[in-house]
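Hi,

Here is the structure I promised to pass on.

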Amino acid sequence: MCGALLAVARKCDRLREEFERFVRELDGRPDAKAVRALAARQAMRMTSEAEEARRHAGALREIAGKTSEETIRTRSRAQSRYRKCAAYGRFAEYFVIPFLRGYDDEAVMMTKLCREIAETVAWPSDSCPLVSRGASNYFHFVAEEGEELILAPALAGTTVLPLPDLVHEMAHPVVRDSQRRETILGPWHREDFVIERVIEKLGDGRFGKAAVRHWIDHGFEEIACDIIAAFVAGPAYGWQHVRACWGREGDKSVHEDGDHHPPDSGRFAVIQLALAQVAGEEERAELTEVWNGVVLGGEEGGEADLEGYYPLELMLEFAEEVLRGCVRAGIKPYSDQLPADDPRSRFNDAWKQMRFEPFEFDASERFISES
Ligand SMILES: [Zn+2]
């Protein structure tokens, strides 16, 4: 235990040095105040974690060879400190460092875009996560110890098409927010309600219980974020889901991050449900056609286990509630009558051009990435 504590302390030292380097590099950069503050907070945390780990290692040395009530307590305190320290170190190394390394002009643009969307749509939360590039897989939201970050893939921000996914990531902290979740989720904000509904559908055998865990740990939050994103961003979010799924390997979802998401097809149905309120019928039919033709491509199977966990009927029942929740929360829905400078019009215009003027779109994409 002693050696493990000292090793994790040394790791925290190295992380602290790295964070301090970022603090110096970002110093005076006009758009980097919040990000520099993030690096400074992390440097402080690593300092205190390293100190704590060393203190507990010292305490263990003192009691070496002794046995008493007090030594048992010292050991168990040291163990729990080790776990905490290792968890902070992991969060810093896996997420915060890549986040800071990926922080560039595109990241600044995406962070601003999130703020702009939040203002435009009366976003039901004051917190707006910072965005950077550096995701190891797809867009994802991470939160730990008061830090909320969106990590985007390496090329995000050089093209408009995937940006509606930012709205999905912005929705994660809203769904987790204890003040807002009841408004948005209705009775589904209560864990026992989710358990009851899933068990009612799938039974309380092993399969039903595993499904309940998946719903509570991941699924229901992801479905809620899909609904909010489609409600806010409109068909562009549906198109982006299609586009993301074009890229999947075999039957593996691109959203695969340890199986956290409900099956892509169920998500598509949920998105279509939200779009039925905010988008035209013609565009929705077109989406379905492309989905069936390009994504499904006649293939059967895939995601079979998860599909069992997520009966479509249940996903849609929950989706209906979140849709009502968006209205209760006063979020401004997408409509095709929005002014051209609304960020959501920019997403949807880009997708329209991609579909109807693909060659011209290529040129404007190049313009975006070069400007
Ligand atoms: Zn998500």
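Let me start with Glu17, which is found in helix H1 (residues 2-26). Helices here are DSSP runs of H or I with at least four residues, strands are DSSP runs of E with at least two, and both are numbered from the N terminus. Before going further, the two caveats. Residues are numbered from 1 along each chain as its sequence is written. This is a predicted model, so local features need pLDDT of at least 70 and side-chain atom pairs count only at pLDDT 80 or more, while totals for chains, interfaces and linings use all residues.

Back to Glu17: is it buried or exposed? Glu17 counts as exposed, because it has 11 C-beta neighbours inside 10 Å. (Buried means that 20 or more other C-beta atoms lie within 10 Å of a residue's own, exposed means 12 or fewer, and partly exposed is in between, with C-beta atoms placed from the backbone.) Glu17 and Glu357 are 340 residues apart in sequence, and their C-alpha atoms are 50 Å apart in space.

Ala37 sits in helix H2 (residues 33-62). With 13 other C-beta atoms within 10 Å, Ala37 is partly exposed. Its C-alpha atom is separated by 15 Å from that of Arg101, 64 residues away along the chain.

On to the domains. The assignment gives domain 1 (2-94) and domain 2 (157-370); such bounds come from an automatic or database domain assignment. Taken over C-alpha atoms, the centres of domain 1 and domain 2 are 38 Å apart.

Then there is the core. The largest nonpolar core has 97 residues, and Ala224, Ile227, Ile228, Phe231 and Val322 have the most contacts inside it. (A nonpolar core is a set of buried Ala, Val, Leu, Ile, Met, Phe, Trp, Tyr and Cys residues joined through C-beta atoms within 7 Å.) Helix H8 (residues 206-233) gives the largest share of this core, 14 residues. Domain 1 (2-94) and domain 2 (157-370) both contribute residues to this core, so it lies between them.

What does Phe231 touch, leaving aside its neighbours within four places in sequence? Phe231 is in contact with Ala274, Val278, Leu323, Cys326, Ile331, Pro333 and Tyr334, where contact means C-beta atoms, placed from the backbone, within 7 Å.

H8 also packs against helix H9 (residues 235-246), at an angle of about 125 degrees and with the axes 6 Å apart. Axes are lines fitted to C-alpha atoms, for helices over the stretch in contact, and angles run from 0 to 180 degrees between N-to-C directions. H8 and H9 are therefore oblique to each other (under 35 degrees is roughly parallel, over 145 roughly antiparallel, 65 to 115 roughly perpendicular, and the rest oblique). Ala229, Ala230 and Ala233 of H8 meet Ala236, Tyr237 and Gly238 of H9.

Last, the sheet. It is an open sheet of 3 strands in the order E1-E3-E2, with mixed pairing; two strands pair if DSSP finds at least two bridges between them. Strand E1 (130-133) and strand E2 (140-144) are at the edges with a single partner strand each, so one side of each has no neighbour in the sheet. Neighbouring strands are turned by 30 degrees against each other on average, direction ignored.

E1 and E3 run parallel, joined by 4 bridges. Val131 stands opposite Ile150 in E3, and Ser132 has Leu151 as its bridge partner there. In E1, Leu130 and Ser132 point one way, Val131 and Arg133 the other, and all are buried.

E2 and strand E3 (residues 147-152) run antiparallel, with 5 bridges. Val142 stands opposite Leu149, and Ala143 is the bridge partner of Glu148. E2 and E3 form a hairpin with 2 residues between them, and Glu145 in the turn has a positive phi of about 50 degrees. Helix H3 (residues 69-101) lies across E1, E2 and E3, at about 65 degrees to E3.

Cheers

How values were computed: Contact = placed C-beta atoms within 7 Å.
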